[in-house]
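User: Please take a close look at the pockets of this model. Then move on to the parts around them.

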Amino acid sequence: MPATLPRLYAHPFSSYSQKALVALYENQTPFDYRNLEDPRANEELAALWPMRRFPVLVDGDRTVLEATCIIEYLALHHPGPVKLVPADPDTALQVRMLDRFFDNYISTPQQKVVFDRLRPEAERDPRGVDDARAMLDTAYAWLDQRMATREWAAGEAFSLADCGAAPFLFYADWTHPIDAGFTHVRAYRQRLLARPSFKRAVDEARPYRSYFPLGAPDRD
């Protein structure tokens with residue numbers, strides 16, 4: 001074990017933080033969790049990265065930004081038994097494509113709806129929220145067809161794509177419920193919730209559910 005563990009700046013209730021945490025928990029990778037509920041951790045993050053977006057991983061003299069890059073970095077420098085980025089280039093391309101799908105077409109519109117609610121009422125964007133909800137419906141429909149023939153996003157193996165799918169679908173269903181007709185998406189979300197790595201992340205975030213501006217549902 002290295003003398004200094006990788007240091008992750010993250011918040012338990014953040015979907016992108018959970019994406020990185022799932023990867024760490026999948027491989028039981030030792031790390032120093034700098035929980036951003038702690039003001040000192042926030043000060044450290046601000047000194048590292050002026051955007052103050054998270055998660056951020058610090059490993060020795062390397063600072064790695066963005067959840068996807070953190071997972072890719074861990075696969076290279078702290079590999080474990082679960083190969084979240086496949087060695088086969090074509091399979092890895094599929095995983096990365098699905099990773100972008102979940103970031104752009106599930107997380108982005110979901111966060112649009114949530115962040116709009118955080119604005120003063122006079123500054124809200126009803127048209128933008130309607131467009132975001134429509135994008136989620138389109139994304140759910142596309143994903144439902146895809147998941148009809150597979151267990152995980154890119155096939156039979158849990159991957160980088162599922163690390164993002166787990167928190168993004170978790171919060172998306174709170175924000176814009178997945179229609180009951182999308183049975184494959186709903187079943188996939190349940191498989192993700194049952195995955196020990198994500199279950200741990202969900203349980204760690206339970207104390208912060210009051211932060212959800214739309215009102216966290218009494219489930220999950």
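Analyst: The largest pocket in this predicted model has a volume of about 710 Å³. A pocket here is an open set of points on a 1 Å grid over the protein atoms alone, with protein on both sides within 12 Å along at least five of seven lines. A cavity would instead be a set of points where a 1.4 Å probe fits but cannot get out. Grid points are joined across faces, edges and corners, and the volume is the space filled by probe spheres set on the points.

The largest pocket is lined by 24 residues. Lining residues have an atom within 4 Å of a point. S14, S15, F54, Q111 and F115 lie nearest the centre of the largest pocket. Helices α1 (15–26) and α4 (89–118) each supply at least two residues of this lining. Helix α4 gives the most, with five residues. Helices (H or I, at least four residues) and strands (E, at least two) are DSSP runs, numbered from the N terminus. By class, the lining has 15 nonpolar, five polar and four charged residues. Nonpolar covers Ala, Val, Leu, Ile, Met, Phe, Trp, Tyr, Cys and Pro; charged covers Asp, Glu, Lys and Arg; the others, Gly among them, are polar.

The second largest pocket has a volume of about 160 Å³. It is lined by 14 residues, and L74, A75, P79, V82 and L84 are the closest to its centre. Helix α3 (residues 67–77) gives the most to this lining, with three residues. The classes are nine nonpolar, four polar and one charged.

Two ground rules apply. Residues are numbered from 1 along each chain as its sequence is written, and side-chain values use heavy atoms, with hydrogens and water left out. As the model is predicted, local features need pLDDT of at least 70 and side-chain atom pairs count only at pLDDT 80 or more, while totals for chains, interfaces and linings use all residues.

Back to helix α4. S107 is found in this helix. S107 is buried, with a relative accessible area of 1%. Buried means under 20% relative accessible area, exposed over 50%, partly exposed in between (1.4 Å probe, protein chains only). A polar contact of 3.1 Å joins the side chains of S107 and Y16. Such a contact is a pair of N or O atoms within 3.5 Å; within protein, one must be able to donate a hydrogen and the other to accept it, and residues adjacent in sequence count only if both atoms are side-chain atoms.

Helix α1 also belongs to a right-handed β-α-β unit, with β1 and β2. Right-handed means that, with the strands pointing away from the viewer, the path from the first strand over the helix to the second runs clockwise. Strands β1 (residues 7–10) and β2 (residues 32–35) pair in the parallel sense over four bridges. Pairing requires at least two DSSP bridges between two strands. The bridge partner of A10 is N35 in β2.

β1 also pairs with β3 (residues 56–59), in the antiparallel sense over three bridges. Here R7 stands opposite V58. Both faces of β3 are covered: V56 and V58 on one side, L57 and D59 on the other, are all buried. β3 then pairs with β4 (residues 62–65), antiparallel, over four bridges. L57 stands opposite V64 in β4. The hairpin of β3 and β4 has two residues between the strands, and G60 takes a positive phi near 65 degrees.
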